[in-house]
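Good morning. I will go through one protein chain today, so please have the sequence and the model open.

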Amino acid sequence: GLRVLTVPTPVAPVIAFGIVYGVGSRHELPGHTGATHILEHLMFKGSERFNRASGTEAARELHRVGASFNATTWLDRTNYFEVLPVDRLALAVDIESDRMRGALVRDDDLESERTVVLNELDAGENDSFDLLMKSSFALASLEHPYRHPTIGWRNDVERMSGEVLRGFYDTYYHPDNATVIVVGDLDQTVALDQVERAFGGLGRAPVPVPEGTSREPEQRGERRFDIHRAGELGSLALSWHIPEGLHPDLPALSVLTQILGDGVTSRLYQRLVETNRCLGVHAFAMELHDPGLFQIFATISPGVSHREVEDAIRTEVAELVRTPPDRAEMARALAQTRTDLAFHHESPGQILGGLTEAVAMGDWRRFVRELELVQSVGAEDLQRIAECHLSDRNLTAGW
């Protein structure tokens, strides 16, 4: 059941090898939030073949061949990846196949990593962007598990047990819940042979991998929250519900981020940063497996009120509903979006990252088609989606 994507990209004598598991924080149950992230940490603590006791721990073996490597956890997926010389592909394949079913997941390793994760949580409590992001998702989503932060709630992290993590591992870490991605200066036959050699003996999950089915009901009124912390600068976040990443509106929402809050020519930069009311303003369209959020974050200049900045942002959004962008503004936004997408295809590591997110959304072809989809966006599309999705009753505002 393992899916394998190969992307021959002969730009340098390196190869990027990654594996994406269909498990993220949206698959966690209440009381066990943070399990995906803590398990990702423990996956670096040793497997049957690669471990410290035998002097073959994965990090040591990868450093020895000059590889860069890491893992990330997000709402819909967990991924592990290595970028290394072409002739060392077998090492990355062996490490990932061994920890797919041979990770040790020991209680003593959990205790050491628990401290690391709690320190990460403490750092997040002192980061205004992190606080606003976490609180925005928690209030915008009342039923869907996107409301839980990927790192988990503190009480759950403090109480997480090895038994829970081993059960989580045995539920989700199987070939039929994974996609292998190989990008770089590769021979496809050799790459596929290596994957078959290492993963071919691993069986499917003993029971079907569970898939979350919770849907967030329609929001029917504005929601607000305040966070009080010591500091010199204020921040705010405005968040609106938008469809899932594979919905046809998402390419237009991506272009809309350029119009509103990406770069010095964007409307909100001109309105708020150039007038010294904000130090920075950014817009994001979250492309997720399930319906996500369109968000605008602003860092407010000293002496300027949150209300003034929020009103300015909402006025700009309302203006977009009334009047679509003109031809010149659309041309700039589309050119910048195309440039950003081109950078996603620049190196094996970036291609691997882009495919990872498309796989998490539910279709790897989204990465291949994203430029084509953006090219078809028109000014009337931006006006329509702003009116459809960026309404006051669909808004969650945080100061």
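Helices (H or I, at least four residues) and strands (E, at least two) are DSSP runs, numbered from the N terminus.

Before more of that, the ground rules. This is a predicted model, in which local features need pLDDT of at least 70 and side-chain atom pairs count only at pLDDT 80 or more, while totals for chains, interfaces and linings use all residues. Residues are numbered from 1 along each chain as its sequence is written, and side-chain values use heavy atoms, with hydrogens and water left out.

Now the whole chain. The protein chain has 15 helices and 10 strands. Along the principal axes, its C-alpha atoms fill a box of roughly 65 × 45 × 35 Å. The radius of gyration is taken over C-alpha atoms, and the globule rule is 2.2 Å times the number of residues to the power 0.38. For 399 residues, a compact globule would come out near 21 Å, and the protein chain has 22 Å, so the two agree.

Next, the surface. Accessible areas come from the Shrake-Rupley method with a 1.4 Å probe, and for residues only the protein chains shown count as cover. The accessible surface of the protein chain is about 17,800 Å², and 51% of that belongs to carbon and sulfur atoms. A residue is called buried under 20% relative accessible area, exposed over 50%, and partly exposed in between (1.4 Å probe, protein chains only). By that rule, 51% of the 399 residues are buried.

Contact means heavy atoms within 4.5 Å. Of the contacts in the protein chain with a separation of 6 or more, 82% are between residues 24 or more positions apart.

On to the strands. Two strands pair if DSSP finds at least two bridges between them. What is the strand order in the open sheet of 5 strands? The order is E1-E5-E2-E4-E3, and the pairing is mixed. At the edges are strand E1 (3-8) and strand E3 (68-73), each pairing on one side only. Inside this sheet, strand E2 (residues 14-21) and strand E5 (residues 178-184) run antiparallel, joined by 7 bridges. One place to look is Val20, which stands opposite Thr179 in E5.

Another strand to find is E9, residues 292-300, where 8 of the 9 residues are buried. Strand E7 (residues 234-242) runs antiparallel to E9, with 9 bridges between them. Ala237 has Phe297 in E9 as its bridge partner. Strand E8 (residues 278-285) also pairs with E9 in the antiparallel sense, over 7 bridges. There, Ala285 stands opposite Phe294. E8 and E9 make a hairpin, with 6 residues between them.

Now the cores. In soluble globular proteins, nonpolar side chains tend to be buried together. A nonpolar core here is a set of buried Ala, Val, Leu, Ile, Met, Phe, Trp, Tyr and Cys residues joined through side-chain atoms within 4.5 Å. How many residues are in the largest nonpolar core? There are 46, and Phe17, Leu165, Tyr173 and Phe199 have the most contacts inside it. Helix H3 (residues 89-102) gives the most to this core, with 6 residues. Leaving out residues up to four places away in sequence, Phe199 touches several residues, including Leu2, Phe17, Val93 and Met100. Apart from this core lies another, of 41 residues, among them Ile242, Val255, Ala333 and Leu382.

Finally, a few single residues. Is Thr9 buried or exposed? Thr9 counts as buried because its relative accessible area is 11%. Neighbours within four places in sequence aside, Thr9 is in contact with Val183, Gly184, Asp185 and Ile351.

Leu131 is in helix H5 (residues 128-140), and at 8% relative accessibility Leu131 is buried too. Leu131 and Gly398 are 267 residues apart in sequence, and their C-alpha atoms are 9.7 Å apart in space.

Last, two residues other than glycine with a positive phi. Val105 has a phi near 45 degrees and lies in the loop between H3 and helix H4 (107-125). Asn276 has a phi near 65 degrees and lies in the loop between helix H10 (267-273) and E8. Val105 is buried, at 4% relative accessible area, whereas Asn276 is exposed, at 60%.

That is the end of my part. Thank you.
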